[in-house]
Structures are given as C-alpha cells and as structure tokens.
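Here are my notes on the model shown below.

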Amino acid sequence: MKETYCKVLSVALICSCVVLLCSCVRDAELTYPNTPGGNFEALWTIIDQKYCFVEEKGVDWNAIHDEYAQYIDTLRPNDYRGLFNTLADMLNCLNDGHVNLYSSFDISRCTGWYDGYPENYNPALLSLYFGNNYKRAGGLSYNIIPGIADTIGYIRYESFSNGFSSSNMYYVLEYFKRCKGIILDVRNNGGGSLEYSYALASTFMDETTHIGFWRHKTGPEHQALSDWEKLYVEENDMPVKWRKPVVILANRRSYSATNMFVNCMKYAPRCCIMGGKTGGGGGMPLSYELPNGWMVRFSSVKLYNADQQSIEEGIEPDTTVFLLSEDKDDIIEAAIQKIKEYD
Amino acid sequence: MISLSVAEPLEHENVFTLQWGGEWIADSYLSPLLYSGQYIAIGNEWWQPFRHSTPHIWSKTQGDWSNIGNARVVGGRCYNTAMTNYIYNLGVQGGWGALYNWTWNAGSNTPSLPEVTLMLGPYADLDFRVREIGSNVNKPLSFDFGLDADAMVGVSCIFRCKSTAYRLHYLATTNLIGIEWLPDYWTSYYEVSQGVNIDGSIAFSWLANRHNLHQQLSLDMQFKRVTWRLGVQHEYLRYGRKGMYFSNQSVGLVVGLVWKYKAERSKL
C-alpha cells in the first residue's frame, strides 16, 4: 500500500513540474530583437499597421523603408543617438505633429505642419487686451477687455492639458454676464485632452449637437477602418449658459484637441472662427513601444467633421485675419469689431 | 483546534496566506514588450465537507464531497527590459468549487502509513485585474476579466515525522470554458470608457484559446497549537486573438496560517 502512495505522489509531482516548465515559455512572438535593425523594423511595422493616415499623407511607406534601411545598416550597434535621429527622420516624412518618438534623452517632433504658415500670434500684445490683473480659473485666464464701450470678455486658453471644472466655467461666465460677447483665444494651443475640448464647446451649445464622426483602425491594412461612429457635444447642464456671441481665435498652431474644439465650435450658434487655418491633428493618438523601450506616438483613430470630411489637415476659419501690426493684435481687433456688429 | 459545538460537528479549515514573488506580464494592448517585476498578494482559502465522511466501497478508503473556495487580492509592479516604462497591476480573484475526495488510510492507527487524499472536481472562478501603464497615450489602462468553469485536481498527504504532523498538499486548477474580456487593439481607451465600439469584446473562451493554470504546492506544519503553511504558487494565464496577446505569469512563495474549527450544522 505504501508503494501505491509513493507512486501516486510521484506522478502528481512530476506532472506538476512538467506543466510548470511547459508554461514558462516566453512570448517571443511579441517582440523584434533589440538591435538597430530590430528597432527599425518594429517602428516601421507599427506605423505601417497601426497608423491611420499612411495613405492620406501621400507617402510611399514601403519606399521609405528601403531608403532608411540602408542608413540603419551603417549604424554602429551602440550608436543610439544615430539610431534615434534616423528613426526620427523617417517619422518626420509623415509630416504629422502627432507622430513622435520618445526616448529617455530626446523626443522627436515634426515642424513641417506649421512651418511656412503665418504666426498670427504675438504674446507680447496680449497685455493690451488682457491687462496684468487677469483672473485664472483652472486652465482658463480671463478678463474684461478694458477701454471698450460694449464690454467684451476675453478668455485665453493656453493648453487643453490644463483642466478646468464646471465650477471654473460657471464663475468665468458669471463674471462676463454683462458682456456683449466673448473672445476665446486658442491660438498656439497645441491640444491636450479631448474631454476638455468637448466640455468647453458644450458651454456654447444650445442643445446636444452632432459635430462629427470617428473611425478607428480595425486591422493592419491601411484602409481597415471601423464604421462611422457619430460624435456629439452634449448640452451643457450648468446653471449659467452662454447665449451671446463668441469669437474663437485660432491659428496654425491650434492643434489636436484644439483642432477638434474648433471643429465643434463650427456647429455652435452665434459663433465665429477667426484668424488662420488650424494645424489639424485630426487623429486620436495612441502609443506603442519599441524593443529598446523607446515609445512611438501615432494617430490611430480618424476624426471627421459632421460632413464626413477629415480634419487632419486643419480647419479653415470663418473669417481669415492676419496679424500684421506690431502695436496691436489685428485678430483680436477684428473679433472685437465682429462682436460689436452682432445684433 | 477550536470546538464551536459538540453536536454533529463538521470540520472547517481556513488558510490565511501572504504571497510574494516574481511576475511576468505581456499585454499587447498596452505594449509589445514583456514586463517583469514583483507581486504581493493576500488570500484566504477555505475548505469544508458537505457532510460527514462515509466509508467508501473500496477497502480502507473513504470517499466524500467537500467544498473549497478562495479569495485573493493581488498587486504588483513590473518594468520593461529597458526600464523605461512600468505597469502597475491590481486584481481580485475568487472561486468556489466542489471536490470529491478519495482518502486512503484515513484515521489509521499505523503512524508509518500516511493518509493520502486524491481530490477532483469542478471549480468556478472569477478573475479581474486592472493594469495601468506608466507612460502611454490614450491607452492608460487595460484589464483582464475572466469567468471560468474549471477542473480542479489535488493530492494531499498527511504524515508524521518526529512527532510533528505534516501535510503535503498539491492543488491545480485549469480552466475549461468561460467568458473573457478581450478588447480589440484598435479600440481606444476613449471608446472603451464610453462604451462604444466594444462589440465582441466579451468572448467565449475555452481551453484552446485561453490557458489559465493555477497550481500550489504547500507543506502544512503543525507546531504546538499553530499550523503554518509554506509553499510555492505558480499562476499562468494566457489568451489572445487577432494578433493580441495577454499573459500573466507569476511564481511566488506562500506563507500561511492554517486554522481548523468544528461548527455545528444548521438545524432548520
């Protein structure tokens, strides 16, 4: 009988060890090798399969692979800066501000999407309209523009990464309640959270409004996209609602979540977009890692306006105004005039 | 041993455990890289018979049903190989099952013969883990969710050595069928959090497309009036489809406190 016990125990222990060893298999298929070539191939494949604008950007991604692969072959194994620069150059061929390579020592960025466009923004001129004792509510800076018969409020929003609450918004609107209109300046606002973008836009909506669509990638093929999914800006449920004119100031550096905010405001009542064409960035970025731990950011979800037009390349303003003067902000001046004329 | 009642007592066993060990995570929704690190867990396992033991048809054996359950909270932190990013994970696991026990030499008067029990039965478990990656854009979180019907098998051997009682215990659980949460890689966190475009994310799973193995080898040692458990635990979870892989593997030490008590069956 004792022999039987030993046999049973031995079999059980051996079985458990076999199962344990078999299950300790590393998921090797997940990664490319951590070599210059492996990182290059991983990056190229990530963009090829996961980036949603490969065709829209009009680049031959296969040709780019062949072109940059030869540079990779010339790199020394430990030349990580050379590898970074080569990979960054390859990504910059896409001319997309949402495509970046992150390492512990540098972040690549593309400037082609705003180079050659007018600045349309001079921060030194803002104090003329803003004063020095402006108020701040969350990420919003605001004040009533001095020296104007019809009082006009001015809000400067530097970044959609700087949050604000509905309480912040309540006090801002309450401060402006005697104003005839508001100028909301999102020039040089490089974006941030889409949630804040929708939240800010909802302040100016009379009702829940259909503002666009999104489609995300559904597979590695360039054209593999999901069905059109409608996007809405919900009606604001704050006790104070803004039912007066609002002018949005935008320029080419209004990007990403700001671009989406401008798109939302295209459908807002009593609203005028003024300044220059926005920078675009009409894709929702995601990120992924390379075998060496660097991270690549890229767009994977396409955003469209309500007419199913891509907003990746930017949104034209309702009124184009250039900043030409050195002693006044022509765009703010035009916005003031626009509100004054509003009936 | 605490006697709560002398009338028709049923033996209950509870094991409170602390676990610590190494963990390996692959979550291709968040990253293609393998993350490794450490985890800690607190758990409680309980066992009790459904009824009193009855003699089995086999000679010198007893057969009986018992039920077993466990609940565990686990947390860990893992890094990628380049140490450029990390993943936190926090999970809760729980399960309950019924085991049929075949016991040889139960209550033998011969101390040299150990009491051996084979256990086999169904088990149902719920596994939920949230993973947060340190650096990511619009995909900060991922989670495992699985509800499985499992098979559980175990061997237990009670023996004495130098007047100290020991119990060597091995228990393994593997999933058979169930359901699992399996997001599409392409679905962004915004969509998941707003509940759009997540059709098909709850999927049917079975042994061929989901491997969930949980095994523990432990030794219970009785010193004076306290019984301690020392053991090793191995967990392996792997599932995926459409190029997506998720796996979570851990090997750790288990230290536990075992206590038994006898409770009166309810009389209605």
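1. Polar contacts across the interface. Chain B and chain A share 9 residue pairs in polar contact, both residues at pLDDT 80 or more. A polar contact is a pair of N or O atoms within 3.5 Å; within protein, one must be able to donate a hydrogen and the other to accept it, and residues adjacent in sequence count only if both atoms are side-chain atoms. The count of salt bridges between chain B and chain A is 0 (side-chain nitrogen of Lys or Arg within 4 Å of a carboxyl oxygen of Asp or Glu).

2. Basis. This is a predicted model: local features need pLDDT of at least 70, and side-chain atom pairs count only at pLDDT 80 or more, while totals for chains, interfaces and linings use all residues. Residues are numbered from 1 along each chain as its sequence is written, chains are lettered from A in the order in which they are written, and side-chain values use heavy atoms, with hydrogens and water left out.

3. Interface extent. Chain B puts 48 residues into the contact and chain A puts in 45 (heavy atoms within 4.5 Å). The two chains bury about 4,000 Å² between them, 64% of it on carbon and sulfur atoms. Buried area is the accessible area (1.4 Å probe) that two parts lose on being put together, summed over both. On the chain B side, Pro32(B), Trp186(B) and Tyr190(B) lose the most area to chain A, together 20% of what that side buries.

4. Make-up of the chain B side. By class, the side that touches chain A has 26 nonpolar, 18 polar and 4 charged residues. Here Ala, Val, Leu, Ile, Met, Phe, Trp, Tyr, Cys and Pro count as nonpolar, Asp, Glu, Lys and Arg as charged, and the others, Gly among them, as polar.

5. Largest cavity. The count is 3 cavities of 30 Å³ or more. On a 1 Å grid over the protein atoms alone, a cavity is a set of points where a 1.4 Å probe fits but cannot get out; lining residues have an atom within 4 Å of a point. The largest cavity holds about 380 Å³ of space. Its lining has 28 residues, and the closest to its centre are Asn70(B), Tyr123(B), Thr173(B), His214(B) and Gln233(B). The lining has 6 nonpolar, 15 polar and 7 charged residues.

6. Second largest cavity. Its volume is about 50 Å³. Among the residues that line this cavity are Asp127(B), Arg129(B) and Glu235(B). By class, the lining has 2 nonpolar, 4 polar and 3 charged residues.

7. Second largest pocket. About 620 Å³ of space lies in this pocket (an open set with protein on both sides within 12 Å along at least five of seven lines). Of its 30 lining residues, the closest to the centre are His98(A), Gly190(A), Gly192(A), Ser256(A) and Arg297(A). The lining divides into 13 nonpolar, 14 polar and 3 charged residues.

Methods:
Points joined across faces, edges and corners; volume = space filled by probe spheres on them.
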